[in-house]
Amino acid sequence: MNGLKGRRELKHAITKADCHLLRNNLQNFMTLDPHGQDGKYLIRSVYFDNFDNKILRQKTEGFYHRDKFRARLYDHNTDFINLEKKSKRNNLTYKQKCRLSAAEYERIRSGDIDWMSSDSRSILRDLYVQMTLFQIKPTTVVDYEREVLREYLYRICI
């Protein structure tokens, strides 16, 4: 993917009790991220899809070659919005992102997208193509709190 470094993502659901135990065990090796409030961030993601849920279906059906777009902001700060493109190629995940102003996001949200076709940011041009060909648009808002731990003395290898 044009020089991008892919990574493997393994996601696991855990109970609140397991989360509590894991957090207590990791505190000996890691510290809370000082940029968050008590190491936590509020995250809002707006995912793009079409009327037929094309992107969601590709994920649930296990497609090995798929792309998804989302706009993301942290702690409700509209001064810092990222447009992200996550791509799956076989078992590797690639992520690209660019900054987006609140005004640009609002234009995209309202369907005013022609300006994106000639923007210098390749992710915006890619999103424009997807919005034009497959009629994807902002469809789903997901809010959650993320707790971030940072490595303290050394990396834990499992």
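Helix α4 is followed by Q135, whose phi is positive, near 55°. The structure is a predicted model, in which local features need pLDDT of at least 70 and side-chain atom pairs count only at pLDDT 80 or more, while totals for chains, interfaces and linings use all residues. Residues are numbered from 1 along each chain as its sequence is written, and side-chain values use heavy atoms, with hydrogens and water left out.

Helices (H or I, at least four residues) and strands (E, at least two) are DSSP runs, numbered from the N terminus. The buried residues of α4 (buried: under 20% relative accessible area, with a 1.4 Å probe and protein chains only) are I123, L124, L127, Y128, Q130 and M131. These residues lie on the same side of α4, because they cover an arc of only 165° around the axis; the arc is that of the directions from the helix axis to the C-beta atoms.

Five strands form an open sheet in the order β5-β4-β3-β2-β6, with antiparallel pairing; two strands pair if DSSP finds at least two bridges between them. The edge strands, each pairing on one side only, are β5 and β6 (137-147). Within the sheet, strand β2 (residues 40-49) and strand β3 (residues 65-74) run antiparallel and are joined by five bridges. The bridge partner of Y47 in β3 is R70.

Residue K97 is located in strand β5 (residues 92-100). K97 counts as exposed because its relative accessibility is 51%, exposed meaning over 50%. Not counting residues up to four places away in sequence, K97 touches N82, L83, E84 and I123, contact meaning heavy atoms within 4.5 Å.
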